[in-house]
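Please look at this protein chain with me. The briefing below goes through its parts by topic.

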Amino acid sequence: MTATLIIQTAVYLVTLRPFLRLLHERLLYVIAHEQTDRCNMLFCLSASTCAVIFCANFVLLKEHSLAAKLALICTLAVNTTLMYQALYGLTHARRNAVQTRQESLTDALTGLNNRRAFFEQAELLVEGGHPFAIAFIDLDRFKSINDTYGHVAGDSYLRRFAQAFTRQFSDQGTLYRIAGDEFIFLREGEQGADAMLEGMRGFSVFSAESEIPFLGFSCGTAAFPADAGVLDELLGVADGRMYRAKTDSRAAKNTV
């Protein structure tokens, strides 16, 4: 019996410090961020684990005690139940957090990634020095569609455009809805803005189910780092080129 206790104590001494080091940051995060009821569950789990250790040691010292063995079995059952509930609660909370984040990055109307998602991705590329090009897209005469057919039809028009554009260019980049009828297409790599613009020429949306014809869009492109080394400046370049394409007939080659 003495040898068993010596071995057990040695194992505790060897494993305790690495174990605490492994759990230190995670436990602090749980205590700081979890809800009160879940923290209470973790506290109960810790107390139950201590009880299991105590009963296990008691049984080792008094193996002939039936009461001690029954107490150990009951404590193990309670500890297992608490462990399951605690892990289930943490997993469920993590799943909800992932779902909430995904929803915060998605445009509800079109299902595209939204403005926030674009800035997160673009800033990562800029910080990493990875080349990419963007196309700032503004749908032509969209206001007239809302005025003539109503906003429900206008929403349908936006969805049709988003679906058709994604279907045709999803293998080349990602389309983001920034606001209203404004979109940004981001393509990673060194192809450049001119290649991006050339690839979008002739794009159209056709649907036999809709009476609203596709009126086209104006587009301005810019590449990082060729046109700008800062994201705000890059957006300004693309936005400026888009508006020149929309208002200046001499830049009609930039209007799709």
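Strand 3 is mostly covered, with 6 of its 7 residues buried. Strand 3 spans residues 182-188.

- Strand 3 is joined to strand 1 by 7 bridges, and the two run antiparallel.
- Strand 3 also pairs with strand 2 in the antiparallel sense, over 5 bridges.

**Who faces whom in strand 3**

- I184 in strand 3 is the bridge partner of F136. I184 also has Y176 standing opposite.
- L186 in strand 3 stands opposite T174.
- E182 in strand 3 is the bridge partner of A179.
- Strands 2 and 3 form a hairpin, with 2 residues between them. G180 lies in the turn and has a positive phi of about 55 degrees.

**A helix across the sheet**

**Helix 5**

- Helix 5 is made of residues 142-149.
- Which residues of helix 5 are buried? They are F142, I145 and N146. They all lie on the same side of helix 5, because they cover an arc of only 95 degrees around the axis.
- The face turned away from the buried side carries the exposed residues K143, D147 and T148.
- The cover over the buried residues of helix 5 includes strand 1 and helix 6.
- Just after helix 5 comes G150, which takes a positive phi of about 100 degrees.

**A closer look at N146**

- N146 lies in helix 5.
- Why does N146 count as buried? Its relative accessible area is 15%, and the cut-off for buried is under 20%.
- What does N146 touch, apart from its neighbours within four places in sequence? N146 is in contact with H151 and G154.
- G154 is itself one of the buried residues of helix 6.

**Helix 6**

- Helix 6 runs over residues 151-169, which makes 19 residues.
- Helix 6 reaches 27 Å from its first C-alpha to its last. That is close to the 27 Å expected at 1.5 Å a residue.
- The buried residues of helix 6 include A153, Y157, L158 and R160. Also among them are F161, A162, A164, F165 and F169.
- What covers these buried residues? Among the strands, the cover includes strand 1, strand 2, strand 3 and strand 4. Among the helices, the cover includes helix 5 and helix 7 (193-200).

**The whole chain**

- The chain has 8 helices and 4 strands.
- In what order do the elements come? From the N terminus on, they run α-α-α-α-β-α-α-β-β-α-β-α.
- The chain has 256 residues, and 35% of them count as buried.

**How confident is the prediction?**

- The mean pLDDT of the chain is 76. A pLDDT of 70 or more is reached by 55% of the residues.
- Over residues 249-253, pLDDT stays under 50. For this stretch, the model has 4 contacts beyond four places in sequence.

Conventions: Residues are numbered from 1 along each chain as its sequence is written. This is a predicted model: local features need pLDDT of at least 70, side-chain atom pairs count only at pLDDT 80 or more; totals for chains, interfaces and linings use all residues. Side-chain values use heavy atoms; hydrogens and water are left out. Two strands pair if DSSP finds at least two bridges between them. Buried means under 20% relative accessible area, exposed over 50%, partly exposed in between (1.4 Å probe, protein chains only). Contact means heavy atoms within 4.5 Å. The expected span of a helix is 1.5 Å times one less than its number of residues. The arc is that of the directions from the helix axis to the C-beta atoms. pLDDT is the predictor's confidence in each residue, from 0 to 100.
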